[in-house]
Amino acid sequence: MQNKESTRKYILLGLVILIVVGIVSAKVLASKQDEVFKYEDMLYQQAVQLFQEGNNEDASYFINELLLKKPDSEVANYLGGLIAAGKGEYNQAVILLQKSLDLNPHKVEDPMFMIQFAEVLFFAEKYLDSKIVLEQCRDWGWTPETYPNYQERVMELLNQIDNM
């Protein structure tokens, strides 16, 4: 059975229309996704800038907005933990830093994250947990270039815990 010429034209026209509709739909959806990404990036950048300026109250607003939209973002949880610690909200900081670690278990290999996590645990009065993290920092012998007194700080916190 052979298709007539007009039938082939209708099939071709249908395929072309389907392709055009698919391209237009993809472009519209991608445009909306770009807007969402730009908004989330603005929230993050604003939180970082305010945190670096020491304005933890306003930084907290922006990072909390981002965490509502991206609760499973490792970097947002990490920054949120640092901001909460800067505000003296150490229990909240522990929760956010722990979530960051849960989302990216390789954070245990990051010396700056580990000392920050240990300090937050210490100030949240979770001394046994802090001691475990600090002992790992000591045992790994880290000394980051940006923190030449790293091991001294580790030993200082360990001594404070041992003297309690």
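This is a predicted model: local features need pLDDT of at least 70, side-chain atom pairs count only at pLDDT 80 or more; totals for chains, interfaces and linings use all residues.
The protein contains 7 helices and 0 strands. Read from one end of the sequence to the other, the pattern is α-α-α-α-α-α-α. For 164 residues the globule rule gives a radius of gyration of 15 Å, whereas the value for the protein is 26 Å, well over that figure, so the protein is more spread out than a compact globule. The C-alpha trace spans about 95 × 35 × 25 Å along its principal axes. Of the 164 residues, 34% count as buried. When contacts between residues at least 6 apart in sequence are considered, 49% of them join residues at least 24 apart.

Helix H4 covers residues 90-103, and helix H5 covers residues 111-123. The axes of H4 and H5 come within 9 Å and cross at roughly 145°. The crossing of H4 past H5 is left-handed. On the H4 side, the residues that meet H5 are Tyr90, Ala93, Val94, Leu97, Gln98, Ser100 and Leu101. Their partners in H5 are Phe113, Gln116, Phe117, Val120, Leu121 and Phe123. Sorted by class, this contact has 10 nonpolar and 3 polar residues, with no charged residues.

Helix H5 also packs against helix H7, which covers residues 150-162. The axes of these two helices come within 11 Å and cross at roughly 25°. That angle makes H5 roughly parallel to H7, because angles under 35 degrees count as roughly parallel. H5 passes H7 in a left-handed crossing. From H5, the contact involves Pro111, Met114, Ile115, Glu119, Phe122 and Phe123. From H7, it involves Tyr150, Arg153, Val154, Leu157, Gln160 and Ile161. The contact of H5 with H7 comprises 9 nonpolar, 1 polar and 2 charged residues.

Helix H7 has a further partner in helix H6, residues 127-140. H6 and H7 pack at an angle of about 145°, and their axes are 10 Å apart. H6, too, passes H7 in a left-handed crossing. Tyr127, Ser130, Lys131, Leu134, Glu135, Cys137 and Arg138 form the H6 side of the contact. The H7 side is formed by Tyr150, Gln151, Val154, Met155, Leu157, Leu158, Ile161 and Asp162. By class, the contact of H6 with H7 has 9 nonpolar, 2 polar and 4 charged residues.

Individual residues were examined next. Phenylalanine 62 is found in helix H2, residues 56-69. Its relative accessible area is 18%, so phenylalanine 62 is buried under the 20% cut-off. Leaving out residues up to four places away in sequence, phenylalanine 62 touches Leu43, Gln46, Ala47 and Leu50. Phenylalanine 62 and tyrosine 44 are 18 residues apart in sequence, and their C-alpha atoms are 7.0 Å apart in space.

Asparagine 77 lies in helix H3, residues 74-86. With a relative accessible area of 2%, asparagine 77 is buried. Not counting residues up to four places away in sequence, asparagine 77 touches Leu67, Pro71, Asp72, Leu96, Leu97, Lys99, Ser100 and Leu103. Of these, Leu97 and Ser100 are among the H4 residues that meet H5.

Lysine 107 is found in the loop between H4 and H5. Lysine 107 has 9% relative accessibility and therefore counts as buried. Neighbours within four places in sequence aside, lysine 107 is in contact with Glu74, Tyr78, Ser100, Leu101, Phe113 and Met114.

Glutamate 125 lies in the loop between H5 and H6. Its relative accessible area is 58%, so glutamate 125 is exposed. Most residues other than glycine have a negative phi. Glutamate 125 is not a glycine, yet its phi is positive, at about 65°.

How values were computed
Residues are numbered from 1 along each chain as its sequence is written. Side-chain values use heavy atoms; hydrogens and water are left out. Axes are lines fitted to C-alpha atoms, for helices over the stretch in contact, and angles run from 0 to 180 degrees between N-to-C directions. Helices (H or I, at least four residues) and strands (E, at least two) are DSSP runs, numbered from the N terminus. Angles under 35 degrees count as roughly parallel, over 145 as roughly antiparallel, 65 to 115 as roughly perpendicular and the rest as oblique. A crossing is left-handed if the near helix is turned anticlockwise from the far one by less than a right angle, and right-handed if clockwise. Contact means heavy atoms within 4.5 Å. Ala, Val, Leu, Ile, Met, Phe, Trp, Tyr, Cys and Pro count as nonpolar, Asp, Glu, Lys and Arg as charged, and the others, Gly among them, as polar. The radius of gyration is taken over C-alpha atoms; the globule rule is 2.2 Å times the number of residues to the power 0.38. Buried means under 20% relative accessible area, exposed over 50%, partly exposed in between (1.4 Å probe, protein chains only).
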